[in-house]
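Welcome! Please take a moment to look over the sequence and the 3D structure before reading on.

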Amino acid sequence: MKNIKVSVIIPVHNSEKYLEECLNSVINQTLKDIEIICINDNSNDNSLAILEKYAEEDDRITIINNEENIGGGLSRNKGLKVAKGEYIYFIDSDDWVEKNTLEYTYNEAKKKNLDLVFFLAMNYDNETKEFYEIGYYNYSRLDESFFNRVFHPSEVKKIIFHMPVSPPLKLYKKELLDNINAKFPKERVMHDNPFFYNVFLNAQRVEVINKYFYYRRRHGDSLMNMRGVCFSHIIPISNLIVDVFKKNKVFFEYKKPVLNRKVYIIRIDYNRMDEKYQKQFYKEIVKEFNKISENSKENEDYISNLNERNLTFYLNILKSKSYSDFSIIHKISILEMDKNELKRKVKSLKKENKELKNKIKIMETSNSWKITKPIRIFTNLFKKR
């Protein structure tokens with residue numbers, strides 16, 4: 001096929017229950033000048049047979065078979081290697097998109113010469129069959145003035161770590177990916193983080209389209225549930241994120257959010273894990289944080305830049321003598337921080353309440369309030385009737 005406008009890359013691993021809905025949403029796109037690259041990541045269910053059936057009916061589909069299971073990131077890399085489109089689009093094999101997604105985003109990208117096009121996602125609970133929104137995937141931290149206009153990544157420097165990193169929520173200019181040799185790392189979880197930050201920091205023209213094009217299916221087989229099993233990938237990914245900012249020579253500009261992001265990823269994933277994984281992950285965290293603390297300059301950077309929760313986690317790991325010791329210290333610290341946060345909220349509410357009472361008092365002693373008193377009495381009598 002000549003003049004391919006968009007290359008759609010779909011990593012597939014044991015997705016037989018959802019794959020047809022995903023493929024149907026892609027082959028029926030209103031934009032027809034596309035290629036569909038499906039990477040069968042050594043599936044042991046009926047996924048390959050489904051792909052082959054669709055490939056027989058649609059010559060835009062190419063199947064790449066992995067001899068072993070290598071994960072979504074490296075599978076996407078295989079797709080990137082053979083893609084010929086002007087733009088790249090990734091979709092997960094258990095999700096689906098609106099039929100006009102590629103036409104709308106491609107036309108917008110071409111018209112405005114965009115490097116990166118973002119759009120919104122709706123979540124779908126596969127158990128309850130209900131749709132729901134999550135602020136993170138709707139750019140809730142982004143000022144409305146950014147929607148549907150071209151901007152440079154530096155304009156959102158303060159909220160860069162609140163931008164969704166998920167590959168399927170974006171259309172990428174292939175020229176940009178080629179120029180920076182953008183690749184996903186080998187890690188099974190969070191490999192989209194370093195990939196996104198590398199691309200985003202190198203983009204010049206970005207736009208967020210304020211439309212829901214993507215549907216994220218949440219189910220028990222989701223990759224989100226692999227965090228504990230793949231605990232050994234978390235620290236390497238956190239370091240790759242730091243490396244991306246260093247490689248792009250912007251680390252000092254972003255030092256505070258980058259260091260907080262690194263520790264936040266480790267802390268949050270530790271808190272979410274089952275105890276059997278926590279015990280093993282704890283040992284890796286101790287090694288990583290001890291390595292940081294032994295470098296006086298690096299240690300000072302962390303102590304000076306980490307927020308309260310991240311700093312407490314970092315210091316508690318360093319002073320703990322064992323997993324059980326840390327568990328007690330960590331739980332006490334969390335309770336203490338939660339208590340202080342609650343106190344701050346109560347204090348803030350009391351202040352707001354006092355200010356509101358003062359405003360009411362001023363209003364009630366004003367001339368306009370006195371003049372309108374008969375009208376209010378009459379209105380209240382009328383309501384009672």
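What follows is a short tour of some charged pairs, a loop residue and a surface patch.

## About the model

This is a predicted model, in which local features need pLDDT of at least 70 and side-chain atom pairs count only at pLDDT 80 or more, while totals for chains, interfaces and linings use all residues. Residues are numbered from 1 along each chain as its sequence is written, and side-chain values use heavy atoms, with hydrogens and water left out.

## A salt bridge between a helix and a strand

Side chains of opposite charge can pair when their charged atoms come close. Here a salt bridge means a side-chain nitrogen of Lys or Arg within 4 Å of a carboxyl oxygen of Asp or Glu. By this rule the count is 23 salt bridges.

One of them joins the side chains of Lys112 and Glu207, at 3.2 Å from N to O. Lys112 belongs to helix 4 (residues 101-112) and Glu207 to strand 9 (residues 206-218), so this pair ties together parts that are 95 residues apart in sequence. Helices (H or I, at least four residues) and strands (E, at least two) are DSSP runs, numbered from the N terminus. Glu207 is buried, with a relative accessible area of 1%, whereas Lys112 is partly exposed at 23%. In these terms, buried means under 20% relative accessible area, exposed means over 50%, and partly exposed is in between (1.4 Å probe, protein chains only).

## Pairs within one helix

Lys345 and Glu341 also meet in a salt bridge, at 3.7 Å from N to O. They are four residues apart in helix 12, so about one helical turn separates them. Lys345 is partly exposed at 49% relative accessibility, and Glu341 is partly exposed at 30%. Elsewhere, salt bridges that share partners join Glu108, Lys111, Lys112 and Glu207 into one network.

In helix 10 (residues 296-305), Lys297 and Asp301 lie four residues apart, about one turn of the helix. Their side chains form a salt bridge of 3.1 Å, N to O, and Asp301 counts as buried at 15% relative accessibility.

## A loop residue

Where does Lys249 lie? Lys249 is in the loop between helix 7 (234-247) and helix 8 (255-272). Lys249 counts as exposed because its relative accessibility is 74%. Its C-alpha atom is 10.0 Å from that of Leu201, 48 residues apart along the chain.

## The end of the tour

Met363 has its place in helix 12 (residues 323-364) and is partly exposed, at 40% relative accessibility.
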